[in-house]
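Have the structure open while you read.

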Amino acid sequence: MLYENSDLITFSVRINDSELRNKIKNILLSYYNFETKLITLITKMYILHKKGIAQSDFDWLLEPEFVISALYNDKSRQARKLKYLQNKYQYEQLWQTLKETSHKLNPHNLNYVIQRVEANFNIYIEQLKKYNQKSDLSAKKSKLPDPTELYKIYDYSVQLDKQNSLSLARLEKDRLIGIKLSNGLVHININNEHAKNLMDINNINSVRVVYHNGDLYVEISYVKGKNEIENTNQNNGGK
């Protein structure tokens, strides 16, 4: 949330350490594979949905909380729906691949990935509705979300859960921030200026891991009062 008379400040930490960079790239690739498989499965269910088959499946697969519960076998929520999905999809290869991949990743972050997929399908449905109703004369017929082929990927990002996937425990002493993309924390060095900024704030807005043209960054956005805005420069980081 943005506060009155405030601005959003974003700074980037470039990850230069080759070992760390390769490790994070491999984890991001798993997030990307999860996202593409989920899009493919939802598209399959949408086509059946339009034919009057498996109508609930399409709606349920666009519910991030339900999908997370189903992937991690959280039977404390929506037990009837979960049992239906697990029984129906026990031989569905796409779903089994999603489950296998999800257990290598942080569910708190996966929630944001699923939300992004949900948003893209909702945009498609809304645009298609406008096109069919001719309520917007400039509207063009929309296309279903389509996974980008891996070799065409130049930009990809994963939003981190700022409560569960970001650690500042070693910030003051070691100038290290910890991020949790999978099962354990990885630590990234930041410069003194950024370390001081982070120690002085308590209103982090978002944290993302960004792949851009072969480089990796951690982007941290936070809210800072207008009178306090400072120019922030990109910082090179390491292990």
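**Notes for a first look**

1. Let's start with the overall count: the chain holds eight helices and eight strands. Keep in mind that this is a predicted model.

2. Next, the chain as a whole. It has 239 residues, and 42% of them count as buried. If you take the contacts between residues at least 6 apart in sequence, 70% of them join residues at least 24 apart.

3. Now look at one helix pair. Helix 1 covers residues 18-50 and helix 5 covers residues 93-102; their axes come within 10 Å and cross at roughly 155°. An angle over 145 degrees counts as roughly antiparallel, so helix 1 is roughly antiparallel to helix 5. The crossing of the two is left-handed.

4. Which residues make that contact? From helix 1 they are Ser30, Phe34, Lys37, Leu38, Thr40 and Leu41, and from helix 5 they are Leu94, Trp95, Thr97, Leu98, Thr101 and Ser102. Sorted by class, the contact of helix 1 with helix 5 has six nonpolar, five polar and one charged residues.

5. Last stop: Ala54, which sits in the loop between helix 1 and helix 2 (55-60). Is Ala54 buried or exposed? Its relative accessibility is 16%, so Ala54 counts as buried, the cut-off being under 20%. Leaving aside residues up to four places away in sequence, Ala54 touches Met45, Leu48 and Lys88.

Key. Residues are numbered from 1 along each chain as its sequence is written. This is a predicted model: local features need pLDDT of at least 70, side-chain atom pairs count only at pLDDT 80 or more; totals for chains, interfaces and linings use all residues. Side-chain values use heavy atoms; hydrogens and water are left out. Axes are lines fitted to C-alpha atoms, for helices over the stretch in contact, and angles run from 0 to 180 degrees between N-to-C directions. Helices (H or I, at least four residues) and strands (E, at least two) are DSSP runs, numbered from the N terminus. Angles under 35 degrees count as roughly parallel, over 145 as roughly antiparallel, 65 to 115 as roughly perpendicular and the rest as oblique. A crossing is left-handed if the near helix is turned anticlockwise from the far one by less than a right angle, and right-handed if clockwise. Contact means heavy atoms within 4.5 Å. Ala, Val, Leu, Ile, Met, Phe, Trp, Tyr, Cys and Pro count as nonpolar, Asp, Glu, Lys and Arg as charged, and the others, Gly among them, as polar. Buried means under 20% relative accessible area, exposed over 50%, partly exposed in between (1.4 Å probe, protein chains only).
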